[in-house]
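The sequence and the model come next.

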Amino acid sequence: MLDVRRMQVLRAVITSGSVTAAAAHLGYTPSAVSQQVAALEKQTGVALLERVGRGVRPTAAGRLLTEHAATLSRNLAEAETALAELRAGRTGKLTLHYFATSGASLVAPAVTRLRRDHPGVRIDLRLTEPQDTPLDEVARGHADLELLVRPRGAGESLPEGIRLVHLLDDPYAAVLPLGHPLAGEEVLDLADLAGEPWVGSEPPGPCLAPVLDACAAAGFSPDFAVDSRDYATAQGFVAAGLGIGLMPRLGLGTRHPGVVVRPVRNPQPVRGLQAAVREVALEQPVLVTLIEALREAAGQV
């Protein structure tokens, strides 16, 4: 492969008309310039310069390489400009994976701020599915940031190079039908719900785990009479009197008119919301802005 640096030295000699002038322009000695040109001639196997009086002029091969050297200079300058734009967060693309209940309350306001602060950056949003493997897309570089639910204090190991950023703790509350005997209470002990039929609102996984763990700590296992994997649908079942539910605050952004929501204690289930990113990606100002915007949105929930 041709040496780009030597091609640039050749171009300087040809455009200036002499080795001495090129050396002065480049800050080299004339001997160093001559050595670079000689090495390039050896590499190409053809003469690139010929003597004319006290100066030099290019051969056909020399003119050809000089033209390509000029093109390379322009391309390198464009690459440097593009890199500076990307580094400054004025261009590029950011891919964010999120789960359903984080969309309206966290992702929407965060992306609004990101578009305001970095209007030249393209933002791709993808809704994750329950069967998706957490952290997998970030670890593979297919996503720049992934929002996920993890138990508070989870200590399992992470893929190499992945960092988790805590955004908020999302507590669960009891959802009761209007007229339920407990609806008049301001706060419920979790054990008060032990004998009730339950409406499930999550599949097995990190969102259901805090509920089951809290119920076990209160001395019972919930009796799920209805299986629903959507908070709005689950509220409808509760309103119809088919059971009670335990749902996270983010899942209760839209309340069904036929239910009441009461905080629970002893214990209170809580799920942790975190952002997963690659450590190397934290050098991007756009990603830093997105994390700041997510934290800002989380503080307003």
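What is the volume of the largest cavity? I find a volume of about 40 Å³ for the largest cavity in what is a predicted model, where local features need pLDDT of at least 70, side-chain atom pairs count only at pLDDT 80 or more, and totals for chains, interfaces and linings use all residues. Residues are numbered from 1 along each chain as its sequence is written, and side-chain values use heavy atoms, with hydrogens and water left out.

Entry: cavity. My search of the whole structure gave one cavity of 30 Å³ or more. A cavity is a set of points, on a 1 Å grid over the protein atoms alone, where a 1.4 Å probe fits but cannot get out. Grid points are joined across faces, edges and corners, and the volume is the space filled by probe spheres set on the points. I list W198, V199, G200, S201, E202, L208, V211, F224 and L246 as the lining of the largest cavity (residues with an atom within 4 Å of a point). Strand β8 (residues 197–200) gives the most to this lining, with three residues; strands (E, at least two residues) and helices (H or I, at least four) are DSSP runs numbered from the N terminus. By class, I record six nonpolar, two polar and one charged residue in the lining (nonpolar: Ala, Val, Leu, Ile, Met, Phe, Trp, Tyr, Cys and Pro; charged: Asp, Glu, Lys and Arg; polar: the others, Gly among them).

Entry: helix pairs. I looked up α5 (residues 103–117) and α9 (residues 285–299), whose axes come within 8 Å and cross at roughly 135°. Axes are lines fitted to C-alpha atoms over the stretch in contact, and angles run from 0 to 180 degrees between N-to-C directions. The contact (heavy atoms within 4.5 Å) includes L106 and R113 of α5 and L290 and E296 of α9. I count 11 nonpolar, two polar and four charged residues there.

The axes of α1 (residues 4–16) and α3 (residues 30–44) come within 9 Å and cross at roughly 120°. Their contact includes L10 of α1 and L40 of α3, and divides into eight nonpolar, two polar and two charged residues.

Entry: backbone. I note a cis peptide bond between N266 and P267, with omega about -10°. P267 is in the loop between β11 (259–265) and β12 (270–278). N266, in that loop, has phi near 55°, a positive value in a residue other than glycine.

Methods:
1 Å grid on protein atoms, 1.4 Å probe; cavity = no way out; pocket = protein on both sides within 12 Å on 5 of 7 lines; lining within 4 Å.
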